[in-house]
Amino acid sequence: MSQSQANPLHPSIVALVSLAANIASNHPKQGLCQVDRLKEYGVSKDQIDSVIEIARHIRDEAAQALDAKFDEAYAQGYAPAKPKIKVDPFANIAVVEGGACCTPTKSGQSCC
């Protein structure tokens, strides 16, 4: 028996996760059904608002990252040809900056 079968999530948690996923993925139904369920379960407006803020923040970060990659690729299509030189295998080693998995929302909430 898996752990999820032994300890099922409370329906309010499922609805919160579903709401966040709907918002973050730009689902056409926007999670409004989950909001109604959350109200029925007694989840506070402040808690629902927090989930909405975090989901929108994650969605917006993803859109910005995609836009930046697109803009970079688009700009490369107009860049002058680079001279061919011997490739240094160590020249393109990625450097990770910062340690956070994401940035906080506008109100300072962590989305990690």
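**Helix packing around α2**

Visitor: Is the crossing of α2 and α4 left-handed or right-handed?
Guide: This is a predicted model, in which local features need pLDDT of at least 70, side-chain atom pairs count only at pLDDT 80 or more, and totals for chains, interfaces and linings use all residues. Residues are numbered from 1 along each chain as its sequence is written, and side-chain values use heavy atoms, without hydrogens and water. A crossing is left-handed if the near helix is turned anticlockwise from the far one by less than a right angle, and right-handed if clockwise. For α2 and α4 the crossing is right-handed.

Visitor: At what angle do the axes of α2 and α4 cross?
Guide: Helix α4 (DSSP run of H or I, at least four residues) spans residues 45-76. Its axis (a line fitted to C-alpha atoms over the stretch in contact, with angles from 0 to 180 degrees between N-to-C directions) comes within 8 Å of that of α2, and the crossing is at roughly 35°.

Visitor: Which residues of α4 make the contact with α2?
Guide: Contact means heavy atoms within 4.5 Å. The α2 side consists of L16, L19, A20, I23 and A24. Their partners in α4 are I48, V51, I52, A55, R56 and R59.

Visitor: How are α2 and α3 oriented to each other?
Guide: The axes of α2 (residues 11-24) and α3 (residues 32-40) come within 9 Å and cross at roughly 155°. The crossing is left-handed. Angles over 145 degrees count as roughly antiparallel; α2 and α3 are therefore roughly antiparallel.

Technical notes: Helix = DSSP H or I, 4+ residues; strand = E, 2+ residues; numbered from the N terminus. Parallel < 35°, antiparallel > 145°, perpendicular 65-115°, else oblique.
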